[in-house]
Amino acid sequence: MKNRLIACSIVLLSLLIYSCKDKSVFTLSGTINNPGSLKTVYLLALDSTRVSVVDSTNLGENGKFQFKHSSPYANFYKLRTGGTVFDLIAKNGDEITFTTDLNDNAHTYQVTGSDESEKIKEFNKLSNFYTEKNTKLSNDYQVKAQALGKQSDSLMKVFMPVFLKNMSEYGAATLKFVNDNRNSLAGFFAVASLDPDKYEQQMVAYADAIQGKFTDNPGVQQFIKQMMAIKPISVGHAAPDFTVIGFDDKPVKLADYKGKYVMLDFWASWCGPCRQENPNVVKAYSIYHPKGFDILGISLDTSKENWQQAITADKLSWTHASDLKSFEGATERLFHIEAIPSNFIIDPKGIIIAKNMRGAELEDFLNKTFNKPL
């Protein structure tokens, strides 16, 4: 009987301690071994647009520190210790412990009290693995290029496929992590690391899947809003029809291209990357136009004279049109153009089948499209 009373007392005491936890803040208690000259640790928080310092504290005896910070919803935080930054997820009521050693060049760390932070740690391990692979690849390329005494196209042809393979593997691994962690902010952290040009379709699908979740997190809600805005013009959707004024001052309609493959190419005479890409587009057009590939160039120029000079200089022999209103043109707004060059490839049924294809990627896509078995 006495033992039962003792056991009950322990349970009641633990419940009392738990109920007395301060749920208006989270607590981050840390230890930095071998801090050297480090005196101050910084806590940074992510809002919907940026990461900023929200608190700082001096290291105490034996490298110990503590933060108490209010976070009414689960949010992303970064702990900055000198030149090293560690990622965390925290919310009010969490009691998180953190330990690292500044002599550890691998920047390993231990975190408890936050399952979400453990998942962020798992993703960063994945991300760092591919970063290290590409860093080594880049260093190897630089060594060989220096030995040759110049940048080499033949050398680039050897290294670029390896780089693209690494990035493809990274994308696949990241998407698996995202799908495995849809109920975790770590999944959102991971999806935000992807290239939106390449993975827009998957990012839109993820935004669809998490609607109704993380409703109190402004960063997540901003992401969902952005993805829903571009969903109608993402791959797999019917391209919205439009009319724009052609270079000859006659109206040009997207509907005019129904039944054909057409690429909407948003560019401008003043856009350096656009002009650099134009030779690739000219080459693709010369090869695939006889097979049924069209281009409609839509310029963001505001000067018709500059526009015409660029068309002539770059030998762009397809149809051209523009509102001459830069990013404020009706067609640009319809397709949410925020940067150029941008392009949309539309199939004969009017469905967007690819976006932002450039260089070898564009040539490869057109080769597969026009040479696929019947």
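**Exercise 1.** Determine which elements each supply at least two residues of the lining of the largest pocket, and describe that pocket.

*Solution.* Helices H3 (153-180), H5 (196-209), H7 (272-288) and H10 (359-370), together with strand E15 (352-355), each give at least two lining residues. Helices (H or I, at least four residues) and strands (E, at least two) are DSSP runs numbered from the N terminus. The model is predicted: local features need pLDDT of at least 70 and side-chain atom pairs pLDDT 80 or more, while totals for chains, interfaces and linings use all residues. Residues are numbered from 1 along each chain as its sequence is written, and side-chain values use heavy atoms, without hydrogens and water.

Next, the share: H3 provides the largest, 11 residues. A pocket is an open set of points on a 1 Å grid over the protein atoms alone, where a 1.4 Å probe fits, with protein on both sides within 12 Å along at least five of seven lines; lining residues have an atom within 4 Å of a point. The volume, the space filled by probe spheres set on points joined across faces, edges and corners, is about 1200 Å³. Of the 39 lining residues, Leu 164, Lys 198, Met 357, Arg 358 and Glu 361 are closest to the centre.

Last, the classes: 17 nonpolar, 8 polar and 14 charged. Ala, Val, Leu, Ile, Met, Phe, Trp, Tyr, Cys and Pro count as nonpolar, Asp, Glu, Lys and Arg as charged, and the others, Gly among them, as polar.

**Exercise 2.** Describe the second largest pocket by volume and lining.

*Solution.* The volume is about 890 Å³. The lining has 37 residues, with Pro 196, Phe 223, Gln 226, Met 227 and Glu 338 nearest the centre. H6 (218-230) gives the largest share, 7 residues. By class, the lining has 21 nonpolar, 8 polar and 8 charged residues.
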